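Below is a short briefing on one protein chain.

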Amino acid sequence: MQNKILELGRLAQHQVQAQAFDDAAITLEQILSIDPNECNALQLYGYVLANQERFVECVAVLKRANSIRPNDYSILINLGKALFDGGDYQQAIPIYEKSLSIQNDPYVLMDIGIAYARLGNSELALKFYDDTLLLASDSPDVLHNKGVELYKLGRIGEALEVTLKCLELAPSYFLAWSNLGNIYYLKKDYKKCLEFNEKALSLNPKSSEAWTNIGNALLMLGQTDESLQAHEISLSLNLLSAEAWAGKGEALIRMKRLGDALVAYKEAFRLNEDVALGMLSFLKMNLCEWDGLPEIHSKMLDHTNNKNLITEPFALLSINSSRAEQLRCARICSEKINRNLQALNKRKEALPNKKLRIGYFSSDFGNHPVGQLIENVLKFHDKDKFELIGFFLKSYSDDLVTERIKNLFDEQYILDGVPTASAIQEVENAQIDIAIDLNGYTSNSREDIIGSRVAPVQIAYLGYPGSVGLQSIDYTVADKIIIPVDHQNDYMGKVAYLPSYFPASRPVISDLKVPTRVSADLPEEGFVYCCFNAAYKITPDLFDVWMRLLLKTPNSVLWLSSPSDECIKNLQAEASARGVDDSRLIFAKRVENIEDHLLRLSLADLFLDTFYYNAHTTACDALSVGVPVLTKQGNTFASRVASSLLSTMNLAELIAYSVSEYEEIALSIAHSSQKLKQLKEKVRANRSSTDCFDIKQYVKHLETLYSKAYERYENKMPVEHLDLE
């Protein structure tokens, strides 16, 4: 019998050498039918199965061999490799580590590093890459892999150094050229990103990854059509690239093709949830496609609580998340920002009675809610005490608001497309005293600049209703309703308190100019509930309440801001599913002139606020024309803004503290014409008699906070919570 095994063993060896793996498998199975514990046959059979990519069977066979010879180095190596190649990285690592206790091998160390990288643990991956480099310091593969993980962690300087060393050793390493492009992408140098990925393509024209990176860079350079084309080419080379599907989705978003973008992101999510989770939520909420959202939001919060950056911080503001979760997400994001926290010790000493130089940073200095609000703040600044410097994070928009804002600044700089290092230098050269971040984590933000501490005092204000998580932010502007004292620990830095947070300012309109209901596509009779908030703020639990209100209020309608056609269809379907005739949802046509919008808005009876991300400018609009706003106060910044506005106007009766109270208040107003009349009269009267719309007084308060904050800096006092009192 032993002779038979030896004979078959020799045959199997010849078959393997000839790469006749199918024949070798049959021969080895014959041996194992004679002796199931023939260890050499088990080991060779494992090798054959691995070459046939039958990894599950391979692992089972090699585990059997390992149980017979537990300290056999070759078996351990092959078992670790089979687990690794089969994608079972958790099981591969301890097997590989056991082999290292017998013999140190740089290739095994590198595989462990790769395993940790694929498990999402960049820190441990780097440890094993560094251990590998102690044995193989000139390995381009290890240097490249290390550069990739450093890039993922946002350690840009180190990533650049390691990747350049890799390319010095291997100038034709196309993946390293591609990663070099990615590094410059993080440095906001999109032209260099493009250049280096084109170099990668010259070395490997079929690199799907390089085409994806090119698509991403083109998008940031404003070449949306070309970006989409690049991602299409990437997908033609590798249809299983989640990154390419996500890149295609991003380009489609820029084109306002949200339905198509959702299709792309669903495919990205199917391939790799981590690549698409946050944006999938964003698109589904913008389109009011609510199926599967609870599971998606649960995963977003799980990742946040596990300190994984899968979701942009902004995405958490409009879902049922806590202050602590929002802060945690912002801090995870801020940790990846390339900081240059140098002290500004080269600045001249402050001159007596000199004007404070206030730098406002925004990508929304145009016909955007932030632009409309900040215009009035800038207009009423005391130019004898303050110089205003505008840092445009996005190129000028072609609209009247942009033109007016430009004229309100003493100096202005366009930082759109300017790489991080150059942008930081340009801001530092402007020698501002206070930097005002009007973006936070919103579109086209430049937290890389703010994160570098470009001014002695840095303040987050207006554009982002939450904590940005940056250590370089000294103060967040709020009031004591939005951030009560017992909420302070859930915000980075300190709070600068205004009497009222929101810079409410809208033109007073004449009742004589109010259009008819018919001209606004509203029924002549019946109660008009309305909400002009963005579609992504509307959540299924809120929509349940709204539909119950319609069912309990005969002849009523719900007047909404007009979203995309896909979103309208989805909302109509959701209404029908709740037993409401979808014709009772009326979508307002977009009007460009703010006065025309305010005039028609006055036709509404009651503005229904959204739960998790309140109305901000839209609540201000409604109150300015005498329309009561009903809100439910939450526990986060974004869910308390409307409460702040209503409290300033002495309209506490419109603040609910539970869903049932929200519903009860709405019905009590809708079912009593007398109560509605009295409430509208009170809103109009309080518009004039309270400080809510006194923008001149508001700006004086804001300037006092600016001066107090800078005074503390000048006097070398620690940053503390600020109050006007």
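How many helices and strands are there in the protein chain? There are 32 helices and 13 strands. The model is a predicted one, and its C-alpha trace spans about 110 × 70 × 45 Å along the principal axes.

**Packing of the chain**
- The protein chain has 725 residues, and 56% of them count as buried.
- Among contacts with a separation of 6 or more, 63% are between residues 24 or more positions apart.

- In soluble globular proteins, nonpolar side chains tend to be buried together.
- The largest nonpolar core holds 178 residues.
- Helix α32 (residues 695-714) gives this core its largest share, eight residues.
- The residues with the most contacts inside the largest core are Tyr-360, Phe-361, Tyr-461, Tyr-529, Trp-546 and Trp-559.
- A second, separate core has 75 residues, including Leu-109, Leu-143, Ala-170 and Leu-180.

**Surroundings of Trp-546**
- Which residues does Trp-546 contact, leaving aside its neighbours within four places in sequence?
- Trp-546 is in contact with Cys-531, Ile-538, Leu-558, Leu-560 and Leu-608, and also with Asp-609, Thr-610 and Tyr-662.
- Trp-546 is also one of the residues with the most contacts inside the largest core.

Conventions. Residues are numbered from 1 along each chain as its sequence is written. This is a predicted model: local features need pLDDT of at least 70, side-chain atom pairs count only at pLDDT 80 or more; totals for chains, interfaces and linings use all residues. Side-chain values use heavy atoms; hydrogens and water are left out. Helices (H or I, at least four residues) and strands (E, at least two) are DSSP runs, numbered from the N terminus. Buried means under 20% relative accessible area, exposed over 50%, partly exposed in between (1.4 Å probe, protein chains only). Contact means heavy atoms within 4.5 Å. A nonpolar core is a set of buried Ala, Val, Leu, Ile, Met, Phe, Trp, Tyr and Cys residues joined through side-chain atoms within 4.5 Å.
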